[in-house]
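Visitor: I am new to this structure. Please show it to me, and then let me ask a few things.

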Amino acid sequence: MAGYLTVWTTTDAPEKARELAAGAVEARVAACAQIDGPVTSVYRWEGEVRTDQEWRVQFKTTTERYPALEAHLRRAHDYDTPEIVAVPVTHGGADYLAWIDEETRS
């Protein structure tokens, strides 16, 4: 059985979140993507603490397809340093995980 990941990124507009989500699914580097937001992000950037609204995009993919998903997000994202974080899925419904396999097959 393949390994599975939930990968997330953030962006500063709902339209950009939808573009990132649709692009990854169309490229088959993610089986699906879910968009949350707005969320409030507090972070330090260029020496100052900032607070901004962002939209979080969560992608479902396999560990095998992660490098392609990361490369896709780096090309498509407009942030200098985009958040790209992957968390392993340790358990899941066999039918759902099989669907992820099928949808991310290159």
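Visitor: At about what angle to β3 does helix α1 run?

Guide: This is a predicted model, where local features need pLDDT of at least 70, side-chain atom pairs count only at pLDDT 80 or more, and totals for chains, interfaces and linings use all residues. Residues are numbered from 1 along each chain as its sequence is written, and side-chain values use heavy atoms, without hydrogens and water. Helices (H or I, at least four residues) and strands (E, at least two) are DSSP runs numbered from the N terminus; axes are lines fitted to C-alpha atoms, for helices over the stretch in contact (heavy atoms within 4.5 Å), and angles run from 0 to 180 degrees between N-to-C directions. Helix α1, residues 14-26, lies across β1, β2 and β3, and its angle to β3 is about 25°.

Visitor: What angle does the direction of helix α2 make with that of β3?

Guide: Helix α2 covers residues 66-76 and packs on the sheet. It touches β1, β3 and β4. Its direction makes an angle with that of β3 of about 140°.

Visitor: Which strands stand at the edges of the sheet?

Guide: Strands pair if DSSP finds at least two bridges between them. The open sheet has four strands with antiparallel pairing, in the order β2-β3-β1-β4. Two strands have a single partner each, so one side of each lacks a neighbour in the sheet: β2 (32-45) and β4 (85-89).

Visitor: Over how many bridges do β1 and β3 pair?

Guide: Strand β1 spans residues 4-11 and β3 spans residues 48-62. Thr-6 stands opposite Lys-60 in β3. The antiparallel pairing of β1 and β3 runs over eight bridges.
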